[in-house]
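Dear colleague,

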Amino acid sequence: MIEVRDLRVRYGPRTVAHVPELDVGAGECVAVVGESGSGKSTTLLALLGLTEGAEVSGHVRVCGVDVLTAPARRLREIRGARVALVMQSPQAALSPTTRLGVLMRRALGLHGVEAGERAMAEAVEAVLLDPAILRRYPHEVSGGQAQRFAIALALALGAEVVLADEPTSALDVTVQAEVVGVLRRLREERGLALLMVSHDLALVSTIADRVLVMKDGAVVESGPAARVLAEPAHPYTRELLEALP
Amino acid sequence: MTALPVWRPVERLGRVDRLAVLGGVLITLVALSAVLAPWLAPYAENAPDPLHSLEPPGGAHWFGTDLAGRDVLTQVLYGGRTSLTIAVAVLAVSAVAGVTLGVVAGYAGGLVRDVIMRITDVFLAFPALLLSLALAVVLQPSVTTVIVAIAATWWPWYARLAASVAASVATRPYVDAARCLGVPAPLVVLRHVLPNSLTPVLVQVSLDAGGVILTAAALSYLGLGAQEPVAEWGLMVQQSQTYFTTNWWIVTWPGLAILVTAFAFNLLGEGLRAALDPRSGGARQERATKESTSAEAAATISTRVIR
């Protein structure tokens with residue numbers, strides 16, 4: 001679903017992200033970890049072709065589309081419909097003047113997805129939300145509900161790939177567990193490819209198959225999550241693990 | 001299963017607070033009295049009666065008479081037609097033009113913003129009255145001239161306001177999220193940037209209604225707009241202000257008409273602001289789920305470069 005080779009994102013002379021190799025297949029979860037400013041989120045945006053103002057080179061293929069060379073219209077078609085982005089701050093990512101149901105209906109209409117109210121209700125029920133939430137405004141739901149709604153939206157659109165940018169960092173511990181549980185279940189049941197950016201190694205250990213560790217824009221270590229987290233080869237990875245509470 | 005979402009503008013309007021309703025009722029009354037002036041007015045419009053000049057309010061003339069002996073109540077009722085027409089036309093033209101250009105400039109940024117804002121600056125650089133005078137040289141003095149002249153000097157303020165708000169809204173995570181959903185730029189502007197930029201503009205429009213009426217009066221006074229014998233509130237105030245200490249009624253009633261109308265627009269604007277912004281309003285806040293967590297106040301995602 002995601003195939004990256006020698007991806008470089010530069011702003012002027014500065015390379016802010018360099019990923020030599022990254023593959024995420026259906027049903028897989030890959031986590032990109034590292035401290036703030038390490039290039040994790042930039043990598044995610046590059047996969048959506050949304051690093052405007054940056055010079056991007058390499059090879060990026062997402063859902064069969066060459067992101068770096070595809071026309072803008074083709075990219076708009078896959079954004080949301082095939083590749084969904086779950087953002088860090090869930091409520092801030094929802095337009096405050098639009099009810100969640102309206103937002104979902106518009107997104108579905110935009111991508112030509114035929115979905116009645118029943119289908120919309122099923123999408124939110126799949127992430128353990130009450131369909132009544134579709135009548136609410138973003139300020140009327142909690143952070144966890146908003147984040148699960150974002151995942152429901154991805155499901156309703158039929159997304160095959162979910163890019164999650166720190167999906168739990170703005171949530172409290174119990175809500176984090178709910179969101180992670182939903183992501184894990186959907187990955188197993190629906191074969192979602194999940195690429196998650198996080199600085200939370202504890203979270204990563206519970207969900208990721210493979211891990212990329214980034215520092216200062218470069219990948220310093222990668223491999224199976226169990227191996228990288230249990231026997232880190234790079235000093236920076238060891239630092240991150242030692243920083244765990 | 002619970003009934004599913006339906007966008008309900010009626011429900012939103014139903015949440016407008018009581019003061020806003022009062023504003024709406026007042027505006028409706030003023031508008032109705034203007035429209036129905038031929039039937040409501042006790043005397044004919046512009047019917048001078050020198051024998052009854054400067055009569056104080058009484059049984060025959062509830063609002064008194066002016067220097068020419070015209071019934072002030074009649075003049076106020078007919079004057080509402082002109083003043084409201086000017087106010088509504090100027091605000092509608094200015095707001096539509098200003099907000100459209102401003103939102104596009106604010107969202108697009110870069111060269112588009114620079115071009116639109118420089119054009120705006122050119123209009124702002126001209127003193128409003130000077131620009132109006134220049135327009136009056138080209139156009140004949142009339143109510144239409146007043147509308148064109150004021151709108152030409154009014155829209156840049158809305159453009160500036162809308163541009164600054166839209167530029168801020170354009171960097172919000174929900175706008176980025178819309179782009180990530182594949183929403184094309186025109187729809188992002190229409191559905192996300194515009195609705196979330198309108199609140200301050202609406203409030204400004206409501207506050208400007210009285211100002212437009214007074215500006216129209218100033219232009220009429222300079223011979224560029226409504227002229228005698230056309231009844232217009234601002235013109236009535238302007239012409240009779242020197243009589244305020246001796247014959248207060250000539251200036252007070254049209255002045256009160258302006259005051260009440262401006263006040264009503266303010267109330268309505270505040271109500272609209274509350275209705276269009278679902279985050280405001282006590283009742284709705286109370287409905288917010290109790291599951292809300294402290295994490296809601298957590299840092300937002302950096303909006304960096306998603307443009």
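This is a predicted model: local features need pLDDT of at least 70, side-chain atom pairs count only at pLDDT 80 or more; totals for chains, interfaces and linings use all residues.

In chain A, strand β9 and strand β10 (residues 218–224) pair in the antiparallel sense over 6 bridges, where two strands are taken to pair if DSSP finds at least two bridges between them. Helices (H or I, at least four residues) and strands (E, at least two) are DSSP runs, numbered from the N terminus. Within this pairing, Val211(A) stands opposite Gly223(A) in β10(A). The two strands form a hairpin with 2 residues between them, and Asp216(A) in the turn has a positive phi of about 50 degrees.

Residues are numbered from 1 along each chain as its sequence is written, and chains are lettered from A and ligands numbered from 1 in the order in which they are written.

β9(A) also has a partner in strand β3 (residues 29–33) of chain A, with which it pairs in the parallel sense over 4 bridges; here Ala31(A) stands opposite Val211(A). Strand β9(A), which spans residues 210–215, is mostly covered, with 5 of its 6 residues buried. A residue is called buried if 20 or more other C-beta atoms lie within 10 Å of its own, exposed if 12 or fewer, and partly exposed in between, with C-beta atoms placed from the backbone.

Helix α1 (residues 40–47) of chain A is likewise mostly covered, since 8 of its 8 residues are buried, among them Lys40(A), Thr43(A) and Leu47(A). The helix is followed by Gly49(A), whose phi is positive, near 70 degrees.

Turning to chain B, this chain has 12 helices and 0 strands, and 44% of its 307 residues count as buried. Among its contacts between residues at least 6 apart in sequence, 71% join residues at least 24 apart, a contact meaning that the C-beta atoms of two residues, placed from the backbone, lie within 7 Å.

Arg18(B) lies in helix α2 (residues 18–35) of that chain, and Arg18(B) counts as exposed because 9 other C-beta atoms lie within 10 Å. Its C-alpha atom and that of Gly269(B), 251 residues apart along the chain, are separated by 12 Å.

With best regards
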